[in-house]
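Look at the fold before reading on.

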Amino acid sequence: MKDVLYRLALRITLKHEEAEDIVQDTLIKVWNKRDDWDNIESIEAFSLTVCRNLALDHVKHKGNLNESLDSVRIDALDKSYTPYEKMLQKDRMQLVRRLVDTLPEKQRSCMQLRDFEGKPYKDIAAIMGITEEQVKVNIYRARQAIKQKYQQIEDYGL
């Protein structure tokens with residue numbers, strides 16, 4: 001759970017140290033609710049909801065500006081790539097990350113939970129406090145926005 005919570009917090013705060021603090025606070029809050037675990041349908045969804053709320057509160061409290069995730073290490077590329085192909089892949093990944101960072105918070109969170117964490121729509125709706133239809137709409141709009149911006153940059157080099 002810790003890694004999933006960390007990725008969600010990082011996607012919202014965009015800062016490693018803050019995401020780590022939020023995960024720790026989340027785990028403490030969830031542990032303090034251990035007496036109520038029998039009444040909670042999904043501990044994982046509950047934990048993700050707590051993490052998301054803490055991250056949003058933190059961003060709101062700090063007046064956090066959206067920074068790019070360019071500093072995040074890109075996973076090692078396949079050794080069969082040429083140096084040029086590796087550079088292109090790295091540049092494309094950085095571009096996609098910048099585009100994801102520009103999305104509105106709801107779209108960014110829905111996309112993070114669905115596309116990066118693999119959560120089902122039902123769980124995302126419970127975590128976000130919205131309907132499954134709204135989750136689907138947010139994900140669709142996020143994907144369309146990224147696709148459109150990416151294509152525009154690839155076509156015109158903007």
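A crossing of two helices is left-handed if the near helix is turned anticlockwise from the far one by less than a right angle, and right-handed if clockwise. Helices (DSSP H or I, at least four residues) and strands (DSSP E, at least two) are runs numbered from the N terminus. This is a predicted model, in which local features need pLDDT of at least 70, side-chain atom pairs count only at pLDDT 80 or more, and totals for chains, interfaces and linings use all residues. Residues are numbered from 1 along each chain as its sequence is written, and side-chain values use heavy atoms, with hydrogens and water left out.

The protein has seven helices and zero strands. From the N terminus on, its elements run α-α-α-α-α-α-α. Among contacts (heavy atoms within 4.5 Å) between residues at least 6 apart in sequence, 65% join residues at least 24 apart. Buried residues make up 35% of the 158 residues. Buried means under 20% relative accessible area, exposed means over 50%, and partly exposed lies in between, with a 1.4 Å probe and protein chains only.

Start with the helix pairs. Axes here are lines fitted to C-alpha atoms, for helices over the stretch in contact, and angles run from 0 to 180 degrees between N-to-C directions. Helix α2 (residues 16-32) and helix α3 (residues 43-62) pack at an angle of about 135 degrees, and their axes are 9 Å apart. That makes α2 oblique to α3. Angles under 35 degrees count as roughly parallel, over 145 as roughly antiparallel, 65 to 115 as roughly perpendicular, and the rest as oblique. The crossing of α2 and α3 is right-handed. On the α2 side, the contact is made by E18, I22, D25, T26, K29 and V30. On the α3 side, it is made by I43, F46, S47, V50, C51, L54, A55, H58 and K62. The residues of this contact of α2 with α3 divide into eight nonpolar, three polar and four charged. Ala, Val, Leu, Ile, Met, Phe, Trp, Tyr, Cys and Pro count as nonpolar, Asp, Glu, Lys and Arg as charged, and the others, Gly among them, as polar.

Helix α3 also meets α6. Their axes come within 8 Å and cross at roughly 45 degrees. That makes α3 oblique to α6. The crossing of α3 and α6 is right-handed. A45, L48, T49 and R52 in α3 meet A126, I127 and M128 in α6. By class, the contact of α3 with α6 has five nonpolar, one polar and one charged residues.

Now turn to α4 and α7. Helix α4 (residues 83-101) and α7 pack at an angle of about 135 degrees, with axes 10 Å apart. That makes α4 oblique to α7. The crossing of α4 and α7 is right-handed. R92, L95, V96, L99 and V100 of α4 make the contact with I146, K149, Y150, I153 and E154 of α7. By class, the contact of α4 with α7 has seven nonpolar, no polar and three charged residues.

Of the 25 residues in the largest nonpolar core, L48, C110, L113, I124 and V135 touch the most other members. The elements giving two or more residues to this core are α1 (2-13), α2, α3, α5 (105-116), α6 (121-128) and α7 (132-156). Helix α3 gives the most, with seven residues. Apart from this core lies another, of eight residues, among them L95, V100, L103 and A142. Not counting residues up to four places away in sequence, I124 touches C110, L113, R114, K119, V135 and I139.

T26 lies in helix α2 and is buried, with a relative accessible area of 0%. Not counting residues up to four places away in sequence, T26 touches L5, S47, V50, C51 and L54. A19 lies in helix α2 and is buried, with a relative accessible area of 0%. Leaving aside neighbours within four places in sequence, A19 is in contact with Y6, A9, L10 and T13. A19 and L5 are 14 residues apart in sequence and 8.5 Å apart in space, C-alpha to C-alpha.

Finish at the loop between α1 and α2, where L14 sits. Most residues other than glycine have a negative phi. L14 has a positive phi of about 65 degrees, although it is not a glycine. At 7% relative accessibility, L14 counts as buried.

Conventions. A nonpolar core is a set of buried Ala, Val, Leu, Ile, Met, Phe, Trp, Tyr and Cys residues joined through side-chain atoms within 4.5 Å.
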